[in-house]
Every structure is written in C-alpha cells, then in structure tokens.
Amino acid sequence: MDIHINQQTLSVAETATLAEALAAYGARPPFAAAVNGQFVPKTQYAAHALAHGDRIDVVQPVAGG
C-alpha cells in the first residue's frame with residue numbers, strides 16, 4: 001500500500017506499522033511523528049497500524065532562541 005511521509009510517497013506492506021514505515025523511510029532520532037495530523041507517542045509506534053493513503057509527518061527538533 002502507499003502512504004505519504006513528509007510529502008513523499010512510500011510503498012509499504014499492507015500490515016505495516018508506523019515503526020516499520022519510519023524505518024523504511026530512514027527517520028533518525030530524535031523526532032516526533034504524527035499520522036493524519038494526530039501525534040503518536042513513541043511507545044505506540046510499533047502498535048500503530050497504518051492504512052492506505054495515511055499521511056505521516058516526521059518532525060525533528062530545532063534548536064535556537
């Protein structure tokens with residue numbers, strides 16, 4: 001199935017979890033992730049099942065002041 005991570009299309013297995021999609025995308029900590037605009041706690045990445053067309057935003061912290 002196709003999902004979108006940071007506006008890039010990625011094909012993953014029909015049973016893919018958020019953790020698997022993030023690994024396939026190559027996300028490197030530290031980061032936070034949201035699926036369809038809803039923040040997902042890191043403790044739920046492996047349990048969060050994805051659906052075709054889901055939009056995932058991976059955001060990394062920015063230092064500054």
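Throughout these legends, a residue is called buried when its relative accessible area is under 20%, exposed when that area is over 50%, and partly exposed in between (1.4 Å probe, protein chains only). Everything shown comes from a predicted model, in which local features need pLDDT of at least 70, side-chain atom pairs count only at pLDDT 80 or more, and totals for chains, interfaces and linings use all residues. Residues are numbered from 1 along each chain as its sequence is written, and side-chain values use heavy atoms, with hydrogens and water left out.

**View 1. Phe31 and Tyr45 form a stacked aromatic pair.** A search of the whole structure finds 1 aromatic pair, and here it is: the ring centres of Phe31 and Tyr45 are 6.2 Å apart, with 5° between the planes. Phe31 lies in the loop between helix 1 (18-25) and strand 3, while Tyr45 lies in the loop between strand 4 and strand 5, so the pair ties together parts that are 14 residues apart in sequence. For the cut-offs, rings of Phe, Tyr and Trp (its six-membered ring) pair if their centres lie within 6.5 Å; planes under 30 degrees apart count as stacked, over 60 as edge-to-face and the rest as tilted. Helices (H or I, at least four residues) and strands (E, at least two) are DSSP runs, numbered from the N terminus. Phe31 is buried at a relative accessible area of 12%, and Tyr45 is buried too, at 9%.

**View 2. Lys42 places its charged end over the ring of Phe31.** The distance from the charged end of Lys42 to the ring centre is 5.8 Å. A charge sits over a ring if NZ of Lys or CZ of Arg is within 6 Å of the ring centre and within 35 degrees of the ring normal.

**View 3. Helix 1 has buried residues on one face.** Take a look at Leu18, Ala21 and Leu22, which are buried in helix 1. Seen down the helix axis, the buried residues fall within an arc of 100° (taken from the directions from the axis to the C-beta atoms), so they line one face of the helix. These buried residues pack against strand 1 (2-5), strand 2 (8-11), strand 3, strand 4 and strand 5, where contact means heavy atoms within 4.5 Å. On the other side of helix 1, Ala23 and Ala24 are exposed.

**View 4. Strand 3 pairs with strand 4 and with strand 5.** Two strands pair if DSSP finds at least two bridges between them. Strand 3 (residues 32-35) runs antiparallel to strand 5 (residues 55-59), with 4 bridges joining them; Ala34 stands opposite Asp57 there. Strand 3 also pairs with strand 4 (residues 38-40) in the antiparallel sense, over 3 bridges, and Val35 has Gln38 as its bridge partner.

**View 5. Asn36 and Gln7 have positive phi in loops between strands.** Strand 3 and strand 4 form a hairpin with 2 residues between them, and Asn36 in the turn has a positive phi of about 55°. Asn36 is partly exposed, with a relative accessible area of 45%. Gln7, in the loop between strand 1 and strand 2, has phi near 70° and is exposed at 79% relative accessibility.

**View 6. A cis peptide bond joins Pro29 and Pro30.** Omega is about 0° for this bond, and Pro30 is found in the loop between helix 1 and strand 3. Just after helix 1, Gly26 takes a positive phi of about 90°.
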